[in-house]
Amino acid sequence: MRSGGSSPQCKVVVLISGSGSNLQALIDSIASGDSPAQISAVISNRADAYGLQRAQAAGIATLVLDHKQFEGREAFDAALAAAIDAYQPQLVVLAGFMRILSAGFVRHYQGRLLNIHPSLLPKYKGLHTHQRALDAGDREHGCSVHFVTEELDGGPLVVQAVVAIAADDSADTLAQRVHGAEHQIYPLAVRWFAEGRVQLHEQGATLDGQLLPASGQVLHYADS
Ligand code: GRF
């Protein structure tokens, strides 16, 4: 339960741009009664994002804000923040939201903005992470949930899932397994946040009041 709040629920707004399989994992985890989080709305910058259909099927409010209709990043981010804040969420979750956010936006949601990235951060910030892990000859890869700060893919880590790389992995097979791990750790991180167990402090992210290591909580997935 969140400390200081009268309601045990934690309102969440999820931002997407695409398939929304992480959104689906969150919806499923909440539906299973596993989490005090409640998704108030799903917002997409693309009208054709399949995740919008997933949200509608779950009875969640959806909104499309097309960034191309705005004069620049600041104007889009201001409209996005206004749309989010109308729901007064305790948490904003980036789930495949393919936009770089302005510093002002990130500061506005400091401590209540989470992202998932398909690599073991700080390795492979940015795109094409699976191919880059293969090209580097890594034996392990994975995904990370982190608080968003002004540094792209650089905020304090909450949890990482480590996935072993097999000798015959392609970027596609590896991506599939990492995706499976994402669907485990994102609902977990959101639940921890909703329960008040995970917080962002000046020194970093904490779990149950203890400062997490730079890697966040590390979980290993043999085969997911
Ligand atoms: C995931 O790989 C996530 O790590 C990245 O974007 C992708 C979103 O996938 N940030 P989905 O839309 O949740 O299926």
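This tour visits a serine in a loop, the helix that follows, and a tyrosine in a later loop. The model is predicted.

**Stop 1: Ser17**

Select Ser17. It sits in the loop between β1 (10–16) and α1 (21–31). Is Ser17 buried or exposed? Its relative accessibility is 6%, under the 20% cut-off, so Ser17 counts as buried.

Now show the side chain of Ser17 and the backbone of Met98. A polar atom of that side chain lies 2.8 Å from the backbone nitrogen of Met98. Next, display the other neighbours.

**Stop 2: α1 and its cover**

Move on to α1, residues 21–31. Colour its buried residues: Ser21, Asn22, Leu23, Ala25, Leu26, Ile27 and Ser29. What covers them? The cover includes the strands β1, β2 (37–44), β4 (91–94) and β5 (113–117). It also includes the helices α2 (50–57) and α6.

Just past the end of α1, pick Gly33. Its phi is positive, at about 80 degrees.

**Stop 3: α1 against α6**

The crossing of α1 past α6 is right-handed.

Which residues make this contact? On α1, select Ser21, Asn22, Ala25, Leu26 and Ser29. On α6, select His179, Glu182, His183, Tyr186, Pro187 and Val190. Coloured by class, the contact shows 5 nonpolar, 5 polar and 1 charged residues.

Look at the spacing along each helix. An α-helix has 3.6 residues a turn, so residues three or four places apart point the same way. The α1 residues in this contact, Ser21, Asn22, Ala25, Leu26 and Ser29, are also on the buried list for α1.

**Stop 4: Tyr124**

Finally, select Tyr124. This tyrosine lies in the loop between β5 and α5 (129–135). Tyr124 has 14% relative accessibility, which means that it counts as buried.

Show side chains here. Which side chain makes a polar contact with that of Tyr124? The partner is Asp138, at 2.6 Å. Beyond residues up to four places away in sequence, Tyr124 touches His117, Ser119, Thr129, Arg132, Ala133, Ala136 and Asp138.

Last, select Asp153. Tyr124 and Asp153 are 29 residues apart in sequence. In space, their C-alpha atoms are 9.1 Å apart.

Technical notes. Residues are numbered from 1 along each chain as its sequence is written. This is a predicted model: local features need pLDDT of at least 70, side-chain atom pairs count only at pLDDT 80 or more; totals for chains, interfaces and linings use all residues. Side-chain values use heavy atoms; hydrogens and water are left out. Helices (H or I, at least four residues) and strands (E, at least two) are DSSP runs, numbered from the N terminus. Buried means under 20% relative accessible area, exposed over 50%, partly exposed in between (1.4 Å probe, protein chains only). A polar contact is a pair of N or O atoms within 3.5 Å; within protein, one must be able to donate a hydrogen and the other to accept it, and residues adjacent in sequence count only if both atoms are side-chain atoms. A crossing is left-handed if the near helix is turned anticlockwise from the far one by less than a right angle, and right-handed if clockwise. Contact means heavy atoms within 4.5 Å. Ala, Val, Leu, Ile, Met, Phe, Trp, Tyr, Cys and Pro count as nonpolar, Asp, Glu, Lys and Arg as charged, and the others, Gly among them, as polar.
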